[in-house]
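Please open the model in your viewer and keep the selection tool at hand. The tour below goes from one selection to the next and ends with the whole chain.

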Amino acid sequence: MLEASPPGSLVRPGEADTLNVAIVVPLQGPAGIFGPSCECCAQLAAEEVNAGSGVLGKEMRLTLVDGGASPSEVADEVDALVTAGSVDAVAGWHISAVREVVAPRINGRVPYIYTALYEGGERGDGVFLTGETPNRQLGPTLRWFASELGLRRWTIVGDDYIWPRASAASAHRYLAELGGVVCDEIYVPLGTEDFEAVLDRVVASRCDGVLMLLIGNDAVAFNRAFCRAGLDRDHIRFSSLIEENVLLATGAENTRGLMTSAGYFEDLPTASGLDFAATYFRRFGPGAPVLNSLGESCYEGVRLLTELLHRAGEVDVARIQAMAEGLEYESPRGTVQVRDRHLMQRVFLAAADGLQWDVLQQL
């Protein structure tokens, strides 16, 4: 696993044979459940880069930053690393509340590869985004529920920060187009464990489905409470951010009627997806952290950074941005392409089957 290093211990940019990347992933808080998978996938990507010719002829080295700290603390640490010249790029999975503070602090000085699915609209200088956005993930999923299951009445339950609120605004628009309705909209603080009052409102809303916009352990607590209350008998739950770690922590008895969509699953039945899973477990063993879309996104972030640098020929944000459009390569998610600094990719719908995801179809 990667180890966090104080700035004074890092290789300095004067060493021409290294390219240093800060990997920002959560090690605490509700999203901390994702951290180990993110670390391993980023490490695997860097090892593969270094097993070849490196990047721009340099060895890639990763420095871990805890993206689960407060947004200001994360931004302070990243800013210090960039200002000191200790890192040449920043990448990783962390919530949008962190990205919103980190991106202006980096301010285009180095490339910043943000790998989380997010609400869309990021235009910061030097920011590239590998994750799913509502127009390719949430919108098509709600259309599928309407056409295939006749579900048009939804209650939204989310953590109280930008990604859930902005995604909910998108859901309102998509449902209006489908003749659907948001029956209620409920937000809770990050780290919420007691959902009794929330569930009372879900019942009172008379919805058919619950759109979960909860992070990590918050989603686990909600799922357990939801099923204890027996609401899984009559309600579908859909989350665009729920993966194998949350599924395992939720427990097989609490996954009936639980669905998600993502660009990658551990059991994605494609050649590229299966090859990646085999490589991951061959490297880290059967006891490795669970492989999931969030972890794989960090592999994707390192891979995209490498491809961008190879195309640009140097670590210069202006040149990277000028050369990025249309960049295409093969990844565990299949063929992906950069458009407007976002990674275009396939998105798949899946339903929980006990502790595994049954991938139903491409959206």
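Which residue forms a salt bridge with Glu307? Select Arg303, whose closest N and O atoms with Glu307 are 3.1 Å apart; a salt bridge here is a side-chain nitrogen of Lys or Arg within 4 Å of a carboxyl oxygen of Asp or Glu. Glu307 and Arg303 are separated by about one helical turn, because they stand 4 residues apart in helix 10 (residues 293-312), where helices (H or I, at least four residues) and strands (E, at least two) are DSSP runs numbered from the N terminus. Arg303 is partly exposed at a relative accessible area of 22%, on a scale in which buried means under 20%, exposed over 50% and partly exposed in between (1.4 Å probe, protein chains only).

Before going further, note that this is a predicted model, in which local features need pLDDT of at least 70 and side-chain atom pairs count only at pLDDT 80 or more, while totals for chains, interfaces and linings use all residues. Residues are numbered from 1 along each chain as its sequence is written, and side-chain values use heavy atoms, with hydrogens and water left out.

Next, select Arg283 and Glu47, whose side chains meet in a salt bridge with an N to O distance of 2.8 Å. Arg283 belongs to helix 9 (residues 271-284) and Glu47 to helix 1 (residues 35-51), so this pair ties together parts that are 236 residues apart in sequence. Arg283 is partly exposed at 38% relative accessibility, and Glu47 is also partly exposed, at 30%.

Then move to Arg165 and Asp160, which form a salt bridge with their closest N and O atoms 2.7 Å apart. Arg165 is partly exposed at 41% relative accessibility, as is Asp160 at 43%. The structure holds 16 salt bridges.

Along its principal axes, the C-alpha trace spans about 65 × 40 × 40 Å. Of the 363 residues, 60% count as buried.
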